[in-house]
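Subject: Structure handover

Hello,

Here is the structure I promised to pass on. Please open it first; my notes follow below.

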Amino acid sequence: MADKSFTFSAENLLDTEPEPFTKLDSLNSRSVWFVTCDHASNLVPKHMNNLGITSTEMNRHIGWDIGALGVAKELSKILDARLISGNYSRLIVDLNRPTSSPTFIPKTADGTPIPANINISEKEKKERTIFFHKEYHLNIEKWLDRLILEGVIPVIIAIHSFTPVFQNFRRPWHIGLLYEHDQRFVLPLRNELLLRNSNLIIGDNQPYAIRGPSDFTIPVHGQARGLPHIEIEVRQDLIEIPENQKIWAHILASALLSVIENNQPFGIINNVDRKSHIIS
Ligand SMILES: [Zn+2]
């Protein structure tokens, strides 16, 4: 059994602690842009005692995607996009994993054991899943349903960040563009980015690749629905401070806008089996 002092209960949240996620609507109801930031925060409810790790550990990349929220917010501002972002650490539950994934509630992260997640009870897993994961994704699903009903075909942009060094390997990419089956958006986006910034080192499904069964947000809300989408990873040392988050948001926004301007409107691909991906 996990130590009782890590047990989550919505009733034990303080008045000062936020809802599980934040939604910001677009001023323009016809805007196609839909930005997600799953790993925006490293916050843990006070009663969960930092999951048994130190604040220094929680401030590392294992707790959240450093700098990603700043980029996502700035990008949303420039694009007049909708934005949904998680308000709690990925170490409580990972919003970008299916509940069946072994890293949905990770027992270790980059070599650090997470005491609150070792020997976690089914009840605790269920409580966390409903409060942090299910509502977030149901909200995205309903939001997308509504937009499509209104005739807007959303383009989903999932913003993440990656650590510059991992297991002694210095990652050379400034950003990574991640996708799986649908390359409609990634190909023109890469071109537009390189047109403007010829020195940019873009990872092609690097430092990670999206894989349907192990990732969640893009496979479920983008790929399975046949909506245009891209996951963008930005290297953390480039976006540690707000000024640089703004610079990178502008670099991304200008290329994203050109993709929409210079291509036929992106439709919905209907050859996918949605059933297995609907959130229940
Ligand atoms: Zn991430």
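Which residue of S6 stands opposite Trp33? Val155 does. Before the rest, one caution: this is a predicted model.

**The sheet**

An open sheet is built from 7 strands, in the order S1-S3-S2-S6-S11-S9-S10. Its pairing is mixed. At the edges sit S1 (21–24) and S10 (202–204), each pairing on one side only. From one strand to the next, the twist averages 20 degrees.

**Strand S2**

Start with S2, residues 33–37. S2 runs parallel to S6 (residues 155–162), and 4 bridges join the two. Thr36 has Ala158 of S6 as its bridge partner. Towards S3 (residues 82–86), S2 again has 4 bridges, and this pair is also parallel. There, Val35 stands opposite Leu83.

Are the residues of S2 buried or exposed? Of its 5 residues, 5 are buried, so the strand is largely enclosed by the rest of the structure.

H4 (residues 186–196) lies across S9 (175–178), S10 and S11 (229–235). Against S9, H4 runs at about 160 degrees.

**Pocket and cavity**

How much space lies in the largest pocket? About 580 Å³. The lining has 30 residues. Nearest the centre are His39, Arg90, Asp94, Arg97 and Tyr208. S4 (108–109), S6 and S11 are the elements that give two or more residues to this lining. S6 has the largest share, with 3 residues. By type, the pocket lining divides into 11 nonpolar, 10 polar and 9 charged residues.

There is also 1 cavity of 30 Å³ or more. The volume of the largest cavity is about 60 Å³. Its lining includes Pro20, Asp38, His39, Arg90 and Phe132. A run from Gly86 through Asn87, Tyr88 and Ser89 contributes as well, and so do Val93 and Leu95. The split by type is 5 nonpolar, 4 polar and 2 charged. Note that His39 and Arg90 are on the cavity lining and are also among the residues nearest the pocket centre.

Thr163 is in the loop between S6 and S7 (165–166). Its relative accessibility is 11%, so Thr163 counts as buried, the cut-off being under 20%. Beyond its neighbours within four places in sequence, Thr163 is in contact with His61, Arg171 and Gln236.

Asp80 lies in the loop between H2 (68–79) and S3. Asp80 is partly exposed, at 24% relative accessible area. With neighbours within four places set aside, Asp80 is in contact with Ser26, Leu27, Asn28 and Ser31. Take Leu27: 53 residues separate it from Asp80 in sequence, yet C-alpha to C-alpha they are 6.6 Å apart in space.

**Backbone points to check**

Most residues other than glycine have a negative phi, and most peptide bonds are trans. Please look at the following against that background.

- Asn49 is not a glycine, yet has a positive phi of about 50 degrees. Asn49 is in the loop between S2 and H1 (55–59) and is partly exposed, with 41% relative accessible area.
- Leu51 also has a positive phi, near 60 degrees. Leu51 too lies in the loop between S2 and H1, but counts as buried, at 0% relative accessibility.
- Gln206 and Pro207 are joined by a cis peptide bond, with omega at about 0 degrees. Pro207 is placed in the loop between S10 and H5 (217–223).

Over to you.

Best wishes

Note on methods
Residues numbered from 1 in each chain as written. Predicted model: local features only at pLDDT ≥ 70, side-chain atom pairs only at ≥ 80, totals over all residues. Heavy atoms only, no water. 1 Å grid on protein atoms, 1.4 Å probe; cavity = no way out; pocket = protein on both sides within 12 Å on 5 of 7 lines; lining within 4 Å. Points joined across faces, edges and corners; volume = space filled by probe spheres on them. Nonpolar A, V, L, I, M, F, W, Y, C, P; charged D, E, K, R; others polar. Pairing = 2+ DSSP bridges. Axes fitted to C-alpha atoms, helices over the stretch in contact; angles between N-to-C directions. Contact = heavy atoms within 4.5 Å. Buried < 20%, exposed > 50% of the residue type's maximum accessible area, 1.4 Å probe, protein only.
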